[in-house]
Amino acid sequence: MIFDILTLFPAMFAAPMGQSILGKAQARGLVEVRVHNIRDYATDKHQMTDDRPFGGGEGMVMKPEPLVSAIESLQQETPRPWVVLLTPQGRLFSQAIAWELSHKTRVLFICGRYEGVDERVAEYYTDDQISIGDYVLTGGELAAMVLTDAVARLIPGVLGNEASTATESFNEPILEHPQYTRPRDFRGQGIPEILLSGNHEAIESWRRGQALYRTRQRRPDLFAKLILSRRDEELLRRAEEENEIHSRKSVPTDDQENGFALCRIGALSGSESQR
Ligand code: ADE
């Protein structure tokens, strides 16, 4: 997939796009990020890319000519890019939109600056307008990087583990379960014992319960949209019980043990002394 980025600040993209998973995906030819300087498309002698707003007011507005010249020039190429303007006035970015964009062969992100771009560019020369949140950044560059990252990792082969994108948060609108790694005891804090059981089915159930619990606690808006199965309700009830025990930092009594989750004390399997 090709990501074209139109910006007045191409240098901003070098490190974030060249490192880690995105860097490797580019080296392997799965993704290509092409950054274009809008100023290169300005034809007047001062290479102006912005001007004062008609009607007066604060700040500057990005001029239409260089932007449209860049868009039209890239649209003549094959494949033709899908043109997205990054703006706080766009539709709110989500995992669903990331999936939607990941099916395009080429996208062109336009990064606005200052007071934004001339409305005629937004209206007549873009296919889509996207915001990454209800706050105002100094420009669309960081938003373009967020989209590039979120979309690129959905392209087959980029993460190397297709299952991880298929099961993660927001395909089903639910937060992920907590994760732990070594050491088993970190400064006296252990980990939920179930994770050491080797019982994959029980671990999967525990994770599902924790994910549901966490979603209800942290994102009641998402939780309200879920349709829970009987099993989900039972797993949630167990997670609730376990987390209450954990938050009281007490050891569950034997009759609370159900051979299932048993997160002892500060949730801790590493601390045998606390048993
Ligand atoms: N440009 C400035 N703020 C933005 C936002 N929240 N999302 C996308 N582009 C932006």
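I started with helix H6 and found that Glu141, Ala143, Ala144, Met145, Leu147, Thr148, Val151 and Ala152 are buried there. I count a residue as buried if 20 or more other C-beta atoms lie within 10 Å of its own, as exposed if 12 or fewer do, and as partly exposed in between, with C-beta atoms placed from the backbone. Helices (H or I, at least four residues) and strands (E, at least two) are DSSP runs numbered from the N terminus.

A note on the source: this is a predicted model, where local features need pLDDT of at least 70, side-chain atom pairs count only at pLDDT 80 or more, and totals for chains, interfaces and linings use all residues. Residues are numbered from 1 along each chain as its sequence is written.

**H6, length.** I checked the span of H6 (residues 141-152): its twelve residues reach 16 Å from first C-alpha to last, close to the 16 Å expected at 1.5 Å a residue. The expected span is 1.5 Å times one less than the number of residues.

**Whole chain.** I found ten helices and seven strands in the protein chain. Of its 275 residues, 29% count as buried. Among contacts between residues at least 6 apart in sequence, 74% join residues at least 24 apart; a contact here means C-beta atoms, placed from the backbone, within 7 Å.

**Ligand shell.** Which residues come nearest to the ligand? Of the 13 around it, they are Leu86, Pro88, Ser131, Leu137 and Ala143. A residue is near a molecule if its C-beta atom, placed from the backbone, lies within 6 Å of it. Strand E5 (residues 82-92) gives the largest share of the shell, three residues. By class I noted seven nonpolar, six polar and no charged residues. Nonpolar covers Ala, Val, Leu, Ile, Met, Phe, Trp, Tyr, Cys and Pro, charged covers Asp, Glu, Lys and Arg, and the others, Gly among them, are polar.

**H8 and H10.** I then looked at how helix H8 (residues 200-218) packs with helix H10 (residues 230-247): the angle is about 75 degrees and the axes are 8 Å apart. Axes are lines fitted to C-alpha atoms over the stretch in contact, and angles run from 0 to 180 degrees between N-to-C directions. That makes H8 roughly perpendicular to H10, a label for 65 to 115 degrees; under 35 is roughly parallel, over 145 roughly antiparallel, and the rest oblique. The residues of this contact divide into five nonpolar, four polar and four charged. Among those on the H8 side I noted Leu212 and Tyr213, and on the H10 side Leu235 and Ala239. The buried residues of H10 are Leu235, Leu236, Ala239, Glu242 and Ile245, and they pack against H8.

**Loops.** I found two cis peptide bonds to write down. One joins Thr78 and Pro79, with omega about -5 degrees, and Pro79 is in the loop between helix H3 (64-75) and E5. Another runs from Arg182 to Pro183, with omega near 5 degrees, and Pro183 lies in the loop between helix H7 (162-167) and H8.

Arg187 lies in the loop between H7 and H8 too. Its phi is positive, about 50 degrees, although it is not a glycine. Is Arg187 buried or exposed? It counts as exposed, because it has 6 C-beta neighbours inside 10 Å.

Key:
Two residues are in contact if their C-beta atoms, placed from the backbone, lie within 7 Å.
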